[in-house]
Amino acid sequence: VAKAKRVNLKNQSVSDLYAPSSNLWIRIREGFELEPMNTPLEIEQVRWLSARPDYVHRSMERSSRYLFYIVQEVNARNMPTEIALLPFVESAFVTHAKSSAKAVGLWQFMPATGKDFRLTQNVFRDERRDVLQSTDAALDYLQRLHKQFGSWELALAAYNWGAGNVAKAQKRNLAAGLPTDYLSLKMPNETRNYVPKLMAYRQIVLDPQAYGIVLPELENHPYFVAVDVGSDIDVDLVIKLAELPPEEFRNLNPSFNKPVILSNANQQILLPFGHAEIFQANLKKFNRPLSTWTAVKVSKTESVDQVAKGLGVDADSLRQVNGIPKGMRIKAGSTIIIPKTNGRSGDVSSAMADNASLSLEKPPPPAPKCLKPAKGSKGSKTAKCAPGTPSKGNSAGKSTASQHKSASTGLAKSAKN
């Protein structure tokens with residue numbers, strides 16, 4: 001489990017955590033190890049950023065919530081502090097960033113890579129978006145790639161393009177008698193620009209005045225504290241007790257998919273230092289139930305209306321909280337969130353917290369219409385159930401052709417993705 005300053009609210013005070021104060025940018029600069037390549041691409045990336053000071057400032061402001069923690073982790077692993085700047089390239093420090101290839105979070109993990117690094121992706125949470133877990137996984141991944149390729153430039157290229165692709169590019173160069181270092185490999189434009197983009201941010205952090213950039217003040221102490229969840233608690237209640245703007249809560253806790261945070265998932269809530277103290281004080285005084293939501297497993301495939309009726313809950317609310325489009329059915333074995341009642345007290349179980357999934361399907365097509373024989377007609381007395389008859393002679397052929405076309409088009413599209 002990723003590490004951060006953690007507080008057990010039963011026996012520890014948030015204010016006990018001492019936060020030393022000095023300039024975080026100085027600490028980052030002191031840890032730089034990569035050598036600038038001074039290539040035309042690197043110079044071009046520096047020019048691009050320096051021509052957009054507002055864009056740079058916004059991303060720097062966003063980074064202020066997370067950079068101290070990331071720098072701590074990078075330092076603990078003896079990695080170059082340039083690595084702490086990588087989310088500027090990946091996501092511009094937008095925690096809800098999602099690429100067209102379905103990569104998400106600060107470090108832009110794809111679903112499969114997230115699974116490889118044990119980042120839980122289920123009904124309740126997506127740890128690819130979790131600030132602590134995704135940082136831990138990204139640094140593990142980068143260290144593995146550095147060990148495999150022997151240089152940070154190649155490790156970064158592999159993080160963007162994939163280790164297999166970098167290895168193949170090296171083999172091609174070896175076969176052609178060419179060098180296998182980063183600058184000598186043939187790679188896609190996105191990957192070719194990837195390290196220069198990171199080095200451009202390095203240059204701006206190293207000497208912001210030279211590029212007309214003003215870095216926001218960043219103190220060298222934690223922005224947030226990680227609070228253990230002792231029992232299931234509603235997201236809205238945490239926001240209320242912490243007296244925190246909802247957007248700030250979501251910026252620090254983007255992995256929560258549902259309106260309830262589960263104790264049995266070993267969840268942590270990240271709160272800014274001052275608000276963590278407020279949360280601690282207000283929680284002690286709060287004497288009502290902490291959670292108004294629970295979860296159940298659906299035993300058979302049914303429509304939302306049928307499931308809602310069986311559980312005694314409102315169908316529209318069930319759709320909304322579980323993100324179920326109209327017309328879709330819930331498949332057997334799915335986990336859904338429902339309002340907690342007296343008969344459904346207690347916290348969501350560990351097994352459900354870790355393995356919950358939601359599977360949906362379209363309802364089956366209606367049965368074909370049965371045509372009754374005309375009165376007085378000879379032949380069979382039984383009704384005939386005929387499939388829909390095409391209106392034009394060759395429309396069935398056209399339909400078949402279009403199905404093949406759409407299928408092949410779909411395959412082509414999937415091959416590109």
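This is a predicted model: local features need pLDDT of at least 70, side-chain atom pairs count only at pLDDT 80 or more; totals for chains, interfaces and linings use all residues.
Helix 14 spans residues 304–311, and its buried residues are Val304, Val307 and Ala308. Viewed down the helix axis, these buried residues fall within an arc of 100°, so they line one face of helix 14. An α-helix has 3.6 residues a turn, so residues three or four places apart point the same way. The face turned away from the buried side carries Lys309 and Gly310, both of which are exposed. On the buried side, the packing partners of helix 14 are strand 7 (302–303), helix 15 (315–322), strand 8 (329–330) and strand 9 (335–339). After helix 14 comes Gly312, which has a positive phi, near 70°.

Between strand 8 and strand 10 the antiparallel pairing runs over two bridges, and Arg329 has Glu361 of strand 10 as its bridge partner.

Leaving aside residues up to four places away in sequence, Glu248 touches Arg65, Tyr223 and Pro272, and its side chain is joined to that of Tyr223 by a polar contact of 2.5 Å. Glu248 and Leu271 are 23 residues apart in sequence, while their C-alpha atoms are 8.8 Å apart in space.

**Aromatic contacts**

Across the whole structure, a search finds nine aromatic pairs, including the two tabulated here.

| Pair | Centre to centre | Angle between planes | Class |
|---|---|---|---|
| Trp48 and Tyr55 | 5.7 Å | 85° | edge-to-face |
| Tyr141 and Tyr159 | 5.4 Å | 45° | tilted |

Tyr141 lies in helix 7 (residues 131–149) and Tyr159 in helix 8 (residues 152–161), so their pair ties together parts that are 18 residues apart in sequence. Tyr141 is buried at 13% relative accessible area, and Tyr159 is likewise buried, at 10%. In the other pair, Trp48 counts as partly exposed at 39% relative accessibility, and Tyr55 is partly exposed with a relative accessible area of 28%.

Elsewhere, Tyr66, Phe88, Phe93 and Tyr201 form one aromatic cluster, and the charged end of Arg192 sits over the ring of Tyr182, 5.3 Å from the ring centre.

Notes
Residues are numbered from 1 along each chain as its sequence is written. Side-chain values use heavy atoms; hydrogens and water are left out. Buried means under 20% relative accessible area, exposed over 50%, partly exposed in between (1.4 Å probe, protein chains only). Helices (H or I, at least four residues) and strands (E, at least two) are DSSP runs, numbered from the N terminus. The arc is that of the directions from the helix axis to the C-beta atoms. Contact means heavy atoms within 4.5 Å. A polar contact is a pair of N or O atoms within 3.5 Å; within protein, one must be able to donate a hydrogen and the other to accept it, and residues adjacent in sequence count only if both atoms are side-chain atoms. Two strands pair if DSSP finds at least two bridges between them. Rings of Phe, Tyr and Trp (its six-membered ring) pair if their centres lie within 6.5 Å; planes under 30 degrees apart count as stacked, over 60 as edge-to-face and the rest as tilted. A charge sits over a ring if NZ of Lys or CZ of Arg is within 6 Å of the ring centre and within 35 degrees of the ring normal.
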